[in-house]
Amino acid sequence: MQLCPIADLTPGVVTRIVRPDVPVPLALVKVGERVFCIDDTCSHETASLSDGWLDGHEIECPLHESRFDLRTGRPDCPPARRPIRTHVVQVVDGMVCVDATSLAPTAETAR
Amino acid sequence: MTTIAVVGTGLAGVRAAEALRADGYDGRLVLVGEEAAQPYDRPPLSKQVLLGKCESQDIALTDDDLRAVLDAEWLLGTRATALDPASRALTLADGRNLHADGVVIATGARARTLPGMPRLRGVHTLRTLDDAHRLREDLSRPGRVVVVGGGFIGAEVASSARALGHEVTIVEYEQKPLLRQLGPDAAGILGRLHTDHGVALVTGVAVTGLVGEDGVRAVELSDGRSLPADVVVVGVGAVPNTEWLTGSGVACDNGVLTDERCRTTVLGVVAAGDVAAYRCRGGRLRIEHWTNARDMPVIAAGSLLATLRGQDPTGQPVHDPLPYVWSDQYGVHLQIAGRPGVDDVLELVSGSFDDSFAAVYRRDGEISGVLAVDSPREFGRLRRDLRSAWSIR
Ligand SMILES: Cc1cc2nc3c(=O)[nH]c(=O)nc-3n(C[C@H](O)[C@H](O)[C@H](O)COP(=O)(O)OP(=O)(O)OC[C@H]3O[C@@H](n4cnc5c(N)ncnc54)[C@H](O)[C@@H]3O)c2cc1C
């Protein structure tokens, strides 16, 4: 599934993807030359991680300051305990793409 | 084998245990908690729990994975009643003794009550899960609710009671709610939140009596008025749980006194969370906020382990965080950082004071605090500015 042109991403800036054809809100982050894709919703409460602070490979939830590693989705401290999902990104013909099956909502993400 | 006892199984106690294990402590770990319930998080009590939007299991602070990592003995439903400074032995309410090489005091605070008031059905404080369940039960019937105290807990309870369809009045002793914490401008803005949502705000008066035989019927005010009430919630602050330390040699004065590294006046005893009044910037701070209870035990655990290992304590990190608190009221999310003074000037940065906004406090031109309503991104940016100013001060 195509998300956006890679040229639209600025390093250090989080891009939020909310579209009817994308099952869950996503956050895209370019760090160096790599692009990371995570679920945008914090695993603790309904906060949008794309509103959070980015520091290297970590993104901090804007409400309660749990930091998630963009590579593994793991939080560093409570209140979040559960990891957020990370999605494998491929750049095809200048478009950022993820596997649609990896985006399907689960019982966890529906909370 | 070494034994460390953590007294109090709220957020600070659980985090201390977690930090001890993360720091490599592999001795015996005993957690003593007065509440019989498995450790849980308090912020949802006045919000989601009252609204019936979440249940006990949703606010658990531990899960199987964490309990396995902690590998602790849990003495729940057990109060510590004394600490002997010489042997560092704890006396438990059931008469048992527990010897410990190191002790973490994480006994938190309890809700303050109105002095000299009769005990009537329908009158509540809100600190524990039991409190929340009892209050929720009373709010399940139609009735008039009077909230005494316009602080964060009072405001959240009023908001939840209103959402449940009750007629709600807040009685606040100051001229505006949160006046001393946030200054007149912000207090005015947050006060309007109540009235905009149909909650009556009665300010500048004290509660002088509670009327009723069995259940409460009315609240009497210092200006002679009497407010009819079926449910009264008293939200007038919290008192640190330090009485059990009498005679222990652990110095207390509105909280357990600690140094910058969370050490008390007794070697091998540290304190963290709502109960701890720590030394900071030449003064003392006792912070009753969630984030402090999350972060302070990590420092306390580090300094306790250094003591037990005979290491130089000055090599350990100090506790000097930028204070941070959030609150959810009437569907809006408030965030406050720093310790703004009452006379600091509130300056709008983005949005509008009538709606969502981010604002800073300034003292002599310098940023001293950040206040945001439904503006998490902007709050994060401004908090960074404040953090730099805070760390050089
Ligand atoms: C209703 C409510 C809503 C809140 N909402 C927010 C919010 O939105 N944002 C925010 O930043 N903060 C909020 N807070 C504050 C936050 O919850 C506290 O700062 C935090 O709970 C402090 O944790 P603690 O572990 O230090 O103390 P506590 O949570 O008080 O835990 C202490 C524990 O020690 C036990 N204990 C006491 N004495 C003994 C003894 N002698 N022996 C054994 N056990 C003992 C107590 O029973 C208790 O279980 C809220 C608090 C309440 C009550």
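Analyst: Let's start at B:Leu29, which, setting aside neighbours within four places in sequence, is in contact with B:Ile4, B:Val6, B:Ala17, B:Leu20, B:Arg21, B:Leu70, B:Ala72 and B:Glu73 (contact means heavy atoms within 4.5 Å). Before going on, this is a predicted model, where local features need pLDDT of at least 70, side-chain atom pairs count only at pLDDT 80 or more, and totals for chains, interfaces and linings use all residues. Residues are numbered from 1 along each chain as its sequence is written, chains are lettered from A and ligands numbered from 1 in the order written, and side-chain values use heavy atoms, leaving out hydrogens and water.

Back to our residue: B:Leu29 and B:Ile105 are the ones with the most contacts inside the largest nonpolar core, a group of 69 residues. A nonpolar core is a set of buried Ala, Val, Leu, Ile, Met, Phe, Trp, Tyr and Cys residues joined through side-chain atoms within 4.5 Å, and buried means under 20% relative accessible area, with exposed over 50% and partly exposed in between (1.4 Å probe, protein chains only). The top contributor to this core is helix α6 of chain B, residues 290-308, which puts in eight residues (helices, H or I with at least four residues, and strands, E with at least two, are DSSP runs numbered from the N terminus). Apart from this core there's another one of 39 residues, including B:Leu45, B:Val157, B:Ile336 and B:Phe357.

Now stay with α6 for a moment. B:Ala306 sits in that helix of chain B, and B:Ala306 counts as buried because its relative accessibility is 2%. Leaving out neighbours within four places in sequence, B:Ala306 touches B:Gln311 and B:Gln316. B:Gln316 is ten residues from B:Ala306 in sequence, and their C-alpha atoms are 7.7 Å apart.

In chain B, α1 (11-22), β2 (28-33), α4 (152-163), α6 and β22 (324-329) each supply at least two residues of the shell around the ligand. Of the 34 residues around the ligand, B:Glu35, B:Arg42, B:Lys47, B:Arg127 and B:Asp274 come nearest (being near takes a heavy atom within 4 Å). That shell splits into 15 nonpolar, ten polar and nine charged residues, where Ala, Val, Leu, Ile, Met, Phe, Trp, Tyr, Cys and Pro count as nonpolar, Asp, Glu, Lys and Arg as charged, and the others, Gly among them, as polar.

A ligand oxygen is 2.8 Å from a polar backbone atom of B:Ala12, and a ligand nitrogen is 3.0 Å from one of B:Trp326. The protein covers 95% of the 1000 Å² of accessible area that the ligand has on its own (areas come from the Shrake-Rupley method with a 1.4 Å probe; for residues, only the protein chains shown count as cover).

One last stop is α4, another of the elements supplying that shell. B:Ala161 is found in this helix of chain B, and B:Ala161 is buried because its relative accessibility is 0%. Not counting residues up to four places away in sequence, B:Ala161 touches B:Leu139, B:Val145, B:His166 and B:Val168.

Definitions and conventions:
Polar contact = N/O pair within 3.5 Å; in protein donor to acceptor, adjacent residues only side chain to side chain.
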